[in-house]
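Please examine the sequence and the structure shown below.

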Amino acid sequence: MSPLHVTLRETAAGPVLRVAGELDYDQAPALRAHVEPLALAPGRDLVIDLSGLEFCDSSGITALLTARQLARSAGAEVILAGVPAPTLRVLTVVGLTQVFTVRASSEVA
């Protein structure tokens, strides 16, 4: 088991959260704890860089959806960047690539 590590980088377009490790039932609340205090506003994007993600279960997907809901309530958008292939496949199968904007990396987000 790899613990979840979340780091924050501020950019002119909005915050970038880099998520590394496992986003599962035990770790999903940690992602929300990092999203809730962010200064999100209309015209600012929240980029969640998943390039370091090793595993994501349904609780992790729910945490991403919660982050999206929090951002949208502030008028911001969420972009998922660097999504690993297994997670991207799940997002695609359940139709969440129609809900999230997905980019190859946080640099192009």
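Ala76 lies in the loop between helix H2 (58–73) and strand S4 (77–81); helices (H or I, at least four residues) and strands (E, at least two) are DSSP runs, numbered from the N terminus. The model is predicted: local features need pLDDT of at least 70, side-chain atom pairs count only at pLDDT 80 or more, and totals for chains, interfaces and linings use all residues. Residues are numbered from 1 along each chain as its sequence is written, and side-chain values use heavy atoms, with hydrogens and water left out.

**Surroundings of Ala76**

- Ala76 has a relative accessible area of 1% and is therefore buried (under 20% relative accessible area, with exposed over 50% and partly exposed in between; 1.4 Å probe, protein chains only).
- Apart from its neighbours within four places in sequence, Ala76 is in contact with Leu40, Ala41, Pro42, Arg44 and Ala71; contact means heavy atoms within 4.5 Å.
- Ala76 and Arg32 are separated by 44 residues in sequence and by 16 Å in space, C-alpha to C-alpha.

**The sheet**

- An open sheet with mixed pairing is formed by five strands in the order S1-S2-S3-S4-S5; two strands pair if DSSP finds at least two bridges between them.
- Strand S1 (5–11) and strand S5 (101–103) are the edge strands, each pairing on one side only.
- Strands S2 (residues 14–23) and S3 (residues 45–56) run parallel and are joined by seven bridges.
- Within this pairing, Leu17 has Ile48 in S3 as its bridge partner, and Arg18 has Asp49 in S3.
- S3 and S4 also run parallel, with five bridges between them, and the partner of Asp49 in S4 is Ala81.

**Crossovers**

- S2, helix H1 (residues 28–35) and S3 make a right-handed β-α-β unit; right-handed means that, with the strands pointing away from the viewer, the path from the first strand over the helix to the second runs clockwise.
- The chain also passes from S3 through H2 to S4 in a right-handed β-α-β crossover.

**The whole protein**

- The protein contains three helices and five strands, and along the sequence they follow the pattern β-β-α-β-α-β-α-β.
- Of the 109 residues, 43% count as buried.
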